Amino acid sequence: MDRKGMVMNGINLIFAVITIIILLTIAFIFSSFYGSENASFIYEEQNSAKESSKIIMLLGENEGYFAKKISEEDTDEFFRKLKEIYGEDVQCRLKIDALEHYIGCKKITKVVEGVDLIVPGYNGNIHKINMEVAQ
Amino acid sequence: MKILKNRKGLDFAVLLVLAVIVSTLYLGYQIVKEKEEFQLAVGASATGVYKAFQEAEKVLLFVDMSALFSVNKAVYKLGEKGGFKEENCGIYDEYYLWNKINNPKELCDKNIIDGFAWQVNKEMNSYLKDYGGIPQDNYDFFISGDEVYGFATENINFDIWLPKNIVKYDIFGISIFEYPIGSASLGRYSAKPSFNVKLKNNFDEYKILEENAEKIIAECAYKFEKFSEKEKCVKENSAGMKILSKDENIFLFEHASKFKSDFEGKNAVIRFALIIPHENVES
């Protein structure tokens with residue numbers, strides 16, 4: 001191999017190394033994006049489930065009171081307790097059998113947490129409860 | 001162009017290109033393989049467990065509310081049946097007889113707590129059947145003071161499902177297709193649907209009423225020939241109970257209980273019938 005050939009081989013080698021480094025970098029950058037979308041989805045799912053559980057627990061802790069108020073369609077006190085948990089600025093909506101209640105709450109603009117429940121009525125009816133909270 | 005003329009340099013360049021292609025393919029293969037090994041996003045399992053827990057809480061809330069209603073309703077129903085779970089000595093005009101037809105001086109055996117538990121179970125079944133998936137006749141009852149406990153014998157199981165379509169199969173960020181993993185179950189979450197309800201009624205009223213009934217029978221049965229005299233005797237010994245005379249030998253009683261449910265607008269009523277024969281019946 002003459003001198004020129006050796007120089008050119010050296011240049012080829014440098015280009016090849018640079019090419020591999022660039023390819024690896026691109027691959028690494030792309031692969032690092034993998035999962036971020038899912039992670040965000042999972043976070044939202046978990047957060048939503050956690051907040052919905054808060055509502056269910058709240059209902060559970062006050063089930064007697066809740067049952068009575070649902071049957072009377074009086075939800076003031078219930079919403080007051082909700083505000084204790086989520087703060088005064090909470091926006092909330094309670095739907096009982098498709099009838100909407102905004103008592104003590106501002107009208108919902110964007111729902112961030114919600115829960116669907118089926119609860120019994122004293123006289124044997126089944127009530128569908130949908131509760132939404134926005135902050 | 002001089003490089004191309006240099007045969008040895010050209011060979012080396014081709015080799016390098018091949019090496020780059022092989023390396024890139026191997027890299028791509030490794031990345032794809034890595035993704036295949038991690039089909040679930042971090043936290044997906046935890047979310048599945050949390051959602052199963054949430055479903056269980058919904059069911060438990062339904063059970064708790066059903067129990068609350070059932071216990072309250074059972075007090076009223078038990079009163080209507082005079083404390084019996086089924087007719088032991090017979091029924092007269094929907095009033096359960098408290099003393100025996102063939103031996104009116106003797107009261108019929110009844111277990112108020114047993115009757116109450118039976119009634120609560122019956123009411124529970126009527127509520128639980130509407131939800132679906134909650135076992136019926138599933139409780140052992142224990143009543144202590146003003147507390148009613150229902151211990152579930154059978155648990156309710158919930159499948160832990162993975163969140164749907166959370167894994168995208170992609171190469172270098174380009175989505176190829178999504179795994180339909182929503183149908184996969186991680187396992188089961190088990191919940192015991194037991195309950196505890198506070199009751200402002202301890203059934204002592206039944207004991208007092210039984211004592212009254214015994215007194216009425218002792219004072220008024222077989223002692224009067226005229227109905228009016230017997231009726232007067234019964235009234236004097238009834239301790240404020242409402243009396244409905246339906247027959248010459250059968251008296252119907254109604255006692256307004258102290259118990260008033262939050263869900264009913266009136267107090268519970270305990271009603272029963274007593275056979276109080278005339279003087280000449282015994283002979």
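Student: What do the buried residues of α5(B) pack against?
Tutor: This is a predicted model, to begin with. In it, the buried residues of α5(B) pack against α3 (44-80), α4 (112-128), α6 (227-236), β11 (250-260) and β12 (267-275) of chain B.

Student: Which residues of α5(B) are buried?
Tutor: They are Glu205(B), Tyr206(B), Leu209(B), Asn212(B), Ala213(B), Ile216(B), Ile217(B) and Cys220(B). They lie on the same side of α5(B), because they cover an arc of only 135° around the axis.

Student: Why would residues three or four places apart point the same way?
Tutor: An α-helix has 3.6 residues a turn, so residues at that spacing point the same way.

Student: And what is exposed on the other side of α5(B)?
Tutor: Lys207(B) and Glu211(B) are exposed there.

Student: How does the span of helix α5 of chain B compare with 1.5 Å a residue?
Tutor: It agrees. Helix α5 of chain B has 17 residues, 204-220, so it should span 24 Å, and its end C-alpha atoms are 24 Å apart.

Student: What about the backbone just after α5(B)?
Tutor: Tyr222(B) sits there with a positive phi of about 65°.

Student: Switching to cysteines. How many disulfides over all chains?
Tutor: Two. In chain B the pattern is 1-2, 3-4, counting bonded cysteines along the chain.

Student: Which cysteine pairs with Cys220(B)?
Tutor: Cys233(B), with the sulfur atoms 2.0 Å apart. The link of Cys220(B) and Cys233(B) is left-handed, at -80° about the S-S bond. This pair links distant parts of the chain: Cys220(B) is in helix α5 of chain B and Cys233(B) in helix α6 of chain B, 13 residues apart.

Student: Is Cys220(B) buried or exposed?
Tutor: Cys220(B) counts as buried, because its relative accessibility is 0%. Cys233(B) counts as buried too, at 7%.

Student: And how far apart are the sulfur atoms of Cys89(B) and Cys108(B)?
Tutor: 1.6 Å, and the two form a disulfide. The link of Cys89(B) and Cys108(B) is left-handed as well, with -130° about the S-S bond.

Student: Where do Cys89(B) and Cys108(B) lie?
Tutor: Both are in loops of chain B. Cys89(B) is between α3 and β1 (91-92), and Cys108(B) is between β2 (95-96) and α4, so the pair ties together parts that are 19 residues apart in sequence.

Student: Cys89(B), buried or exposed?
Tutor: Cys89(B) counts as buried at 14% relative accessibility. Cys108(B), at 5%, also counts as buried.

Note on methods. Residues numbered from 1 in each chain as written. Chains lettered and ligands numbered in written order. Predicted model: local features only at pLDDT ≥ 70, side-chain atom pairs only at ≥ 80, totals over all residues. Heavy atoms only, no water. Helix = DSSP H or I, 4+ residues; strand = E, 2+ residues; numbered from the N terminus. Expected span 1.5 Å × (residues − 1). Buried < 20%, exposed > 50% of the residue type's maximum accessible area, 1.4 Å probe, protein only. Arc of directions from axis to C-beta. Contact = heavy atoms within 4.5 Å. Disulfide = S-S within 2.5 Å.
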